[in-house]
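Reader: I would like a close look at one part of this structure, followed through carefully from its setting to its details.

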Amino acid sequence: MNLPLVCAGLERQLGENESRVRVLRGVSLEIPAGSVHAIVGPSGCGKSTLLYLLGLLDEPDGGQVWIGGRETSGLTDRELTDRRNELIGFVFQFHFLMHEFTAEENVMIPMRRQGRLGPGAMRARAGALLETVGLADKRARLSRHLSGGEQQRVAIARALANDPLIVLADEPTGNLDIANSERVFGLLTELVKREKKALVLATHNPLIAQASDWVHEMQDGAFTRTYSNLK
Amino acid sequence: MSPPLYIALRFIRHRQRSILISLVGITLGVAFFICTQAQTQGFEQFYIRTVLGASGAVLVQDRFQTRYSGMLEHGTNGVVSVSGQKPRKYYDGVSDPDSVMRTIREFSSVIACSPVLEDNASIKSDFRDEVCRVLGIDLTAQLLATDLRAQMTDGDLSVFRNAPTGVLLGSILANKMGAKVGDLVSLMAAGGETRSFRVCGIVQTGDNLIDERRAYIHLREAQSLLGKPAAVSYIIVKMRDPGRAPQLAARLEELLQHRARSWQERARGNLQIFRAIRVSAAITVSAIILLAGFGIFNVLTLMIIDKVREIAILRSMGYQRGDISAIFLWQGMLVAAAGSVLGCGLGAFLTYTVSRVPMHIRGFFAADHFLVYWSGAHYFSAVVIAFTAVLVASYFPSRRAARLVPVSILRGAGQ
C-alpha cells in the first residue's frame, strides 16, 4: 500500500562557509493516511526545516521524499509546485491570509490555481469548508476583520481546499490562546481523520503532542525518540 | 479570469491611491503625446498640401544629355575604370512640352500635367516697383494640376480666362504693390519689353515665399513677353498618390531625359525641420510617460516588499513563478490599458480643442487657426510607448517577485 508521505535519510545544511550548520541528520518518517504526527523539540532543532522539505518548499542535501508513492527528487520547480498544489496543504503559525480577500475568497485561492472546479463549485466547496471550521456566517468578511483564531481556522479551510493528501502544520496554534488552540487542533485532527489524510505538525505545545497519534521527539536535527499515543 | 489577473485586480483595488498617481501620469502622457503629434503633423501636412497645391507632386524640368564618354577613365598601367557617376549636360527648360506631356499622361498614376514658363520680371504699379516671378500657365491644365481655383481669394477665373492680358497676383505681392482686382500693372521682362496687364484675381497658396513673388499670366502671353515662343520651364505633374512621387520622378527622368524632381526632394529641407520638431515633441512628451512608468516601478517594488509573505504562501499553495510574475505584470498592464484609454480620449478632446483655437499665423505660411492632423498612428504610437514603458517598469519588480524563495521568507517570518 502506498503511504501518503515517506521520507528516508533526509539531510539538510543551512548557512554559508564556516557558519554552515547541519540542521537535519538522516531523518526518516512514514506517515500513513488518517494519522496525526507531532514533531516536538526545542527551537532550532530542525522541525520547520523538516516540514519545508516534506512540503517540497525546500530541497534536501541528501535523502528522498515520496509523496503518494512517487519520489520527488529530481523534479523541476514547476513539477514540485504542481505537487504542492495537488497534494499538500499548509497551515502556518501566522496564518498568512491575504487581507484583500474575504474568508471565502482566501479559501478559493488554491482552487483557482488548480482550475478543476468552476466558479460556482469553488464557492460551494469554500462555503462547505468554512462551515466545517465554524465560519459559515463570516464567509463574506474580509480576512483582516476576523480574529486571530478565526483567521487560523480560515487557513485550515484553505489548506484543505484542494483536498490534499497531506496537511503540514508548522506551529498552527503557536499564536493562539488555549481555547482557540484546542479548537484549531481539534478541527485539524477531526478533518484529517474523517477525510483519511495525513497530518504532520511541528509544535511546542505538550497538550497537542499528547493528543497526537504519534510523537517524534527531535534534537539537533535527528529524531531521538518516537512513540505512539494510540491505545 | 486567470488567477493572476484576479489577484492583480484585487491588489489594485486596495492600492487605489498609489496606483492613481501612476494612472494620471500615463493618461496625461498619452494625451499630450497625441495632441502634440496632431499639432506638429498638422502644420507639416498643411505645408505638404501647399507644396502639392502650388507646384504638383513632380516637376519635369530641364532636358539633359548624359555624357557616356566621361564614364571611362584611363588609369595607371593602361587599366580602364568605369565610374558610377554619369555626368550630364543640362539644357534650360522643356523644349517640346506637348510630346513630353503626352508621355507623362500615359502613366496611370498621373492625374494631370500642366506646362509652366517661369522667369524673373519687374512688376510696376502706381505705387511701387517689385521683382517678381512671372508664371505663364495654360489655365485649363493648371486648374487640373494644381489647387489654383481654391487658392483664389479675390477676383474671377473666368474673367482671367477671357482676358489675354490678365494677371493673377500672389496675395502678398498684390498687397505690396497696392494692387486690387481691376487695377493695371506693368510687367517688364529681362529683355526689356514692358506690357500692361489687368489684375483679374488674387491668389493665396499659404506659402509666403510663393505669395510674395508670383504673378500668373497666360502661357502664350508669357512666351511672347519673355521671348521664348515654344518652350516652357517645367511641367507640373499631379499624381493620385503623391507618396510615390520619387519613383515616378526617377522613371520619368530615365524615360524623358529631363530632370524630374519630386515634391519630397524639393521640400526636403523644410520636411526635415518638421520631422525634427515632431520627433523632439515626441521625445519630450514621452518623458512624462517614462516618469509615470518609473512611478509604477516604485509602486510595484514597494508592493512586493509589502507582500513577500503573501508571495511565499501563494508559492506554497502551488502558484508557479510565472503566476507570481504575472500578478505584478498584470497590475502594470491594467494601469497602462486604463491610462491609454483615458489618454486617447483626453488626447482627442485636447486635439479638437486646440484645432478650434483661433491663431493668426503669417510668416513661413499662412493659417488662421491651429492646424491639427487626425491620425490613428498618433494614438497607436502613444499606446505602444505607454505599454512599453509600463512593461519595462513592471518587468523588473515582477521578476524579482517571481525569484523570491518561499522557504527563505517563511523561515524569516517569525518561525
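How many residues does the contact take from chain B and from chain A? And, within chain B, which strands does β12(B) join by bridges, and are its residues buried or exposed?

Author: This is a predicted model, and within it the contact takes 24 residues from chain A and 22 residues from chain B. On the side of chain B that touches chain A, α1 (3-13), α13 (308-316) and α16 (406-411) each supply at least two residues, and α13(B) gives the most, with five residues. Sorted by class, that side of chain B has ten nonpolar residues, together with six polar and six charged ones.

Turning to the strand you ask about, β12 of chain B covers residues 234-239, and six of its six residues are buried, so the strand is largely enclosed by the rest of the structure. In a regular strand the side chains alternate between the two faces of the sheet. In β12(B), Tyr234(B), Ile236(B) and Lys238(B) point one way, whereas Ile235(B), Val237(B) and Met239(B) point the other way, and all are buried.

As for its partners, β12(B) runs antiparallel to strand β1 (residues 58-66) of chain B, to which three bridges join it, and one of the pairs here is Leu59(B) with Ile236(B). Strand β5 (residues 110-124) of chain B also runs antiparallel to β12(B), joined by six bridges, and in this case Val116(B) has Tyr234(B) as its bridge partner. Both of these β12(B) residues, Ile236(B) and Tyr234(B), belong to the group that points one way from the strand.

Note on methods: Residues numbered from 1 in each chain as written. Chains lettered and ligands numbered in written order. Predicted model: local features only at pLDDT ≥ 70, side-chain atom pairs only at ≥ 80, totals over all residues. Contact = placed C-beta atoms within 7 Å. Helix = DSSP H or I, 4+ residues; strand = E, 2+ residues; numbered from the N terminus. Nonpolar A, V, L, I, M, F, W, Y, C, P; charged D, E, K, R; others polar. Buried ≥ 20, exposed ≤ 12 C-beta atoms within 10 Å, placed from the backbone. Pairing = 2+ DSSP bridges.
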